[in-house]
Amino acid sequence: MKFNPTKLIVFLFAIVLLVAVIFYARTMMAAQSERPMPMQPDKVANPEVSVIIAETGSYTAEIEAFGAAQAHFDITLTAQVAGQVEQINTQFENGQRLNQGDWLAQLENSDYQAAVNSAKQALAEAKVTLLEEERQGLQALTEWQSSGLEGQPDSDLVLRKPQLEAAKQSVEQAQANLKSAEQDLAQSLLKVPFDALVVNRKIAPGSYVQTGTEVAELYSTDRVEVAVSLAATDWQKLPSHDMLNTTKWPATLISVEHDQQWQGYVLRSEQHLDGETRQRALVLAVDKPFDQENRLYPGTFVKAEIQGLTVDGLWKLPSSALSQRGEIWYVTDDNTLDKFTATTAFTKASDIYIKPPAEFNNTSKAVLAHPLNSYLKGMAVNQVENNDYE
């Protein structure tokens, strides 16, 4: 058999190639086994927290309270004399406004006119009697002086002094009777005691009223008042009693139902505690409520926003920054969590104003905008600044 060198070379080349492939495969497997495994993420990564950079500043307190608007005067007008209703003012109807001195109803008054005439006659007669008595007294004095008797008479009757005094008293009594009769006559015409809104008319033409009969329910239109009860902490945010009562301290009233607003002021601060709420009331006022662009009707339930004093050294934060336990959480310099119990100076809209610990004065802190109950003191976090809050 003839030897073929070409086949031998091909055979040897195949063996070498096979060995090279096997070697390469083993080398790659070894390298793969020695290669470090990719790092798996931590099962508990440092959580990201939204923070607000808090700095101390000066802010004006605002007190919120609620109350109902009430008329300055709210009276039930009654008849002062008796009589039949002859006529009623056409404006004397529920919901109508009347001015002070306007008449409401006319009572039949012939008896009162007669009483006035009789009182005038009695007064005239009393004056005549007084004049006669004065003349008789002068005549008695002349007769005593011409009698030649010395000294004073034994009795005042001689000079008619008691009779003169009685005549003077009769004149005064007649004058009082006339004044009373004229007053009864005047009161037969029922009038409005102040600028008023008619809430309820209670008489009609032809009806008969006795003294004390209710004629109408009236509300004054000069102003409405709103009494709001404030806690002791709220009073600490307000100026002194004298300043509140003398400067018309500003207050804004907002309708709870319609969001309509009225600019008012502090009318007075009461000096006693309510027996039920154990709180003291601040009385607010709005002048000419029926002449406002949006009328403020008595009975309207309103929210009062009262400007308070300016307080230094406060943090302004969103209300969400206060935890359910009343704590403020912040990020320390080493990116761990810490907290302190908050002292809230006041709130305004959706913001709270916190008095931070003294050591935080004149420094800034990253405060958590939304603290969770699961947070722990000392927990490492990654802070993300919330740029949406101002």
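Tutor: Trp329 is buried, with a relative accessible area of 5%, where buried means under 20% relative accessible area, exposed over 50% and partly exposed in between, for a 1.4 Å probe and protein chains only. Tyr375 is likewise buried, at a relative accessible area of 12%. The model is a predicted one, in which local features need pLDDT of at least 70 and side-chain atom pairs count only at pLDDT 80 or more, whereas totals for chains, interfaces and linings use all residues. Residues are numbered from 1 along each chain as its sequence is written, and side-chain values use heavy atoms, with hydrogens and water left out.

Rings of Phe, Tyr and Trp (its six-membered ring) pair if their centres lie within 6.5 Å; planes under 30 degrees apart count as stacked, over 60 as edge-to-face and the rest as tilted. By this rule the count comes to 11 aromatic pairs. One of them, formed by Trp315 and Phe360, is stacked, with 5.9 Å centre to centre and 5 degrees between the planes. Trp315 lies in strand S15 (residues 301–318) and Phe360 in the loop between strand S19 (351–354) and strand S20 (364–368), so this pair ties together parts 45 residues apart in sequence; strands here are DSSP runs (E) of at least two residues, numbered from the N terminus. Both Trp315 and Phe360 are buried.

Trp329 and Tyr375 form an edge-to-face pair, 6.4 Å centre to centre with 70 degrees between the planes. Because Trp329 lies in strand S16 (residues 327–331) and Tyr375 in the loop between S20 and strand S21 (382–385), the pair ties together parts that are 46 residues apart in sequence. Finally, Trp315 and Phe360 belong to one aromatic cluster with Tyr330 and Phe340.

Terms used: Helix = DSSP H or I, 4+ residues; strand = E, 2+ residues; numbered from the N terminus.
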